[in-house]
Amino acid sequence: MPDSGASKTAERGIAYWMRRVVAECDQARKTFEADAVHDLRVAIRRCRSMAEGFQAVDGDQSWTKMRKAGKAVFSSLGELRDTQVLLEWVERLKDECPPVAERLKIHCEQREIALKASAADALSDFDTRRWLQWAGVLEQRVRRLGTHSDVFQVIALERYEAARALQSKALRNRNKTALHELRIGIKKFRYIVENFLPEQDERWGKDLKLVQDLLGEIHDLDVLWDTARQIRAFASLEERKKWHAGVTRERMQRLQAYREKMVGRNSLWQEWRNGLPAGEALHKAVL
């Protein structure tokens, strides 16, 4: 029987995810549908976040080159992915005010066509042969480096503390900028856990994804509202009020769900801190 632990470890490897990027590129090129774009961005994000972590213990320039090449493709798909997410929200909220939903749908579909063309150009410039060469080189470097678990424990703690500091400001004023910064902070903490601390990821992975998704959806709703205002999607004050009420309701539901998980003595923050080094263990890890 195959060793499931070994199999999972292999799937976490840099070479696995870099090869996955090439496969997802081939899939995305066919239609640039929402799921394919999302899956490609996830694979690239995995590679870039792993590279950022390994750069803490390895100064080889191949990490930097790979991250730069990945960023070019990742960024080219960003606005397309955002537009496709907005289309999903328009569909979910269309009953709030059908005329506003229809105007937003037309706007987003027109943007999607143009952005798919731009994304196709970016993927045509992506040198997959060089990317796969880097995959082989970096896989060998990782094998020589070892796990360096203590290093990543310390990095995770640094990112944990940075993210937690962002929460006080975000929940105090609840504006879109502060909440977006909090989301980024939690995302950076999650990536270290996800890529380098498998035991903690096994315990925390679902909750980390949940709170990041909640903050991500709040951000999506803020962008949806801003887009409706920018394109003047409201034919009357009544339409504006209806659409704003729907967006605000969905936003508040997610903010409340976040607070239930992340505020108070029994919050996830406490659970995560208990699973990271402290005292003498932290001192040894830092050294």
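The model is predicted, so local features need pLDDT of at least 70 and side-chain atom pairs count only at pLDDT 80 or more, while totals for chains, interfaces and linings use all residues. Residues are numbered from 1 along each chain as its sequence is written, and side-chain values use heavy atoms, leaving out hydrogens and water.

Rings of Phe, Tyr and Trp (its six-membered ring) form a pair if their centres lie within 6.5 Å; planes under 30 degrees apart are called stacked, over 60 edge-to-face, and the rest tilted. This rule gives 12 aromatic pairs. One of them is the stacked pair of Phe-152 and Phe-196, at 4.0 Å centre to centre with 10 degrees between the planes. Phe-152 belongs to helix H7 (residues 149-173) and Phe-196 to helix H8 (residues 176-196), so this pair links distant parts of the chain, 44 residues apart. Helices here are DSSP runs (H or I, at least four residues), numbered from the N terminus. Both Phe-152 and Phe-196 are buried, meaning under 20% relative accessible area with a 1.4 Å probe, protein chains only.

Tyr-160 and Trp-269 make an edge-to-face pair, because their ring centres are 5.5 Å apart and their planes stand at 75 degrees. Tyr-160 lies in helix H7 and Trp-269 in helix H11 (residues 268-274), so the pair ties together parts 109 residues apart in sequence. Tyr-160 counts as buried at 3% relative accessibility, and Trp-269 counts as buried at 0%. Ring pairs also join Tyr-160, Phe-189, Trp-204, Trp-269 and Trp-272 into a cluster.

Notes: Helix = DSSP H or I, 4+ residues; strand = E, 2+ residues; numbered from the N terminus. Buried < 20%, exposed > 50% of the residue type's maximum accessible area, 1.4 Å probe, protein only.
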